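Colleague: Could you walk me through a few of the labels used for this model?
Modeller: Gladly, let's take a look together.
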Amino acid sequence: MRGTPAGMASPHPLGGQLPAVYADDDFAQRFVEGLDVVLAPLFNVLDCLESYFTPALAPEDFVDWLTTWVGTELDGTEPLATRRRAVATAVALHRVRGTRRGLSDAVHLAFGVRPEITESGGATWSARPLGAFPGSPDPGLRVTLRVHDPAATDPHRLHAVVAAARPAHLPFTAEVTHLPTPEGT
């Protein structure tokens with residue numbers, strides 16, 4: 001939580017804006033100086049308002065608030081750089097939400113690794129009617145995240161990210177497994 005920074009001067013002191021009758025009144029000048037201390041941070045925020053909505057420049061606590069505004073799928077434990085990237089890419093991710101690419105991008109943003117995605121559906125065309133249907137008749141989605149240390153990756157977090165980014169009608173499974181080592185190493 002941010003407070004009042006010490007020594008911040010108001011760019012618009014109230015003492016100089018009082019009517020002339022209060023210009024020499026010591027009590028009135030000291031009274032409005034106390035208000036200047038309260039208003040100085042407000043003027044500072046308003047002067048820098050655009051930077052609060054720029055994820056790369058916003059203060060850390062404001063970035064956390066922005067994540068709730070744009071509907072990111074974060075749990076708050078991610079590094080600051082990941083939270084900033086999530087806010088910056090939220091619109092693009094919402095645009096492709098429910099697609100294979102959107103699911104892959106969401107998992108990559110959360111874990112830093114591209115997942116393997118297997119879907120049951122498919123698309124094809126045929127020059128003749130009554131051709132074979134592609135894919136499996138049972139709907140399903142399988143997301144596999146291959147990492148060096150599966151114990152360090154939260155499978156419940158993967159499940160939550162996939163649940164939020166998958167096509168709404170598809171049942172799914174999500175798993176974290178070992179990254180296979182190349183032969184001969």
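Modeller: One term first: contact means heavy atoms within 4.5 Å. Please keep in mind that this is a predicted model.

Colleague: Thanks! Which residues of α3 meet which residues of α4?
Modeller: On the α3 side they are Glu60, Val63, Asp64, Leu66 and Thr67, and they meet Leu80, Arg83, Arg84 and Val87 of α4. By class, this contact has 4 nonpolar, 1 polar and 4 charged residues.

Colleague: Why are α3 and α4 called oblique to each other?
Modeller: The axes of α3 (residues 60–69) and α4 (residues 80–88) cross at roughly 45° and come within 9 Å. Angles under 35 degrees would count as roughly parallel, and 65 to 115 as roughly perpendicular. The pair is therefore oblique. The crossing is also left-handed.

Colleague: What makes Ser120 count as buried?
Modeller: Buried means under 20% relative accessible area. Ser120 has 13% relative accessibility, so Ser120 counts as buried.

Colleague: Where does Ser120 lie, and what is Ser120 in contact with?
Modeller: Ser120 lies in the loop between β1 (116–119) and β2 (141–147). Leaving aside neighbours within four places in sequence, its contacts include Gly135, Asp138 and Leu170. Gly140 is another of these contacts, and its backbone nitrogen lies 2.9 Å from a polar atom of the Ser120 side chain.

Definitions and conventions: Residues numbered from 1 in each chain as written. Predicted model: local features only at pLDDT ≥ 70, side-chain atom pairs only at ≥ 80, totals over all residues. Heavy atoms only, no water. Helix = DSSP H or I, 4+ residues; strand = E, 2+ residues; numbered from the N terminus. Buried < 20%, exposed > 50% of the residue type's maximum accessible area, 1.4 Å probe, protein only. Polar contact = N/O pair within 3.5 Å; in protein donor to acceptor, adjacent residues only side chain to side chain. Axes fitted to C-alpha atoms, helices over the stretch in contact; angles between N-to-C directions. Parallel < 35°, antiparallel > 145°, perpendicular 65-115°, else oblique. Left-handed = near helix turned anticlockwise from the far one by under 90°. Nonpolar A, V, L, I, M, F, W, Y, C, P; charged D, E, K, R; others polar.
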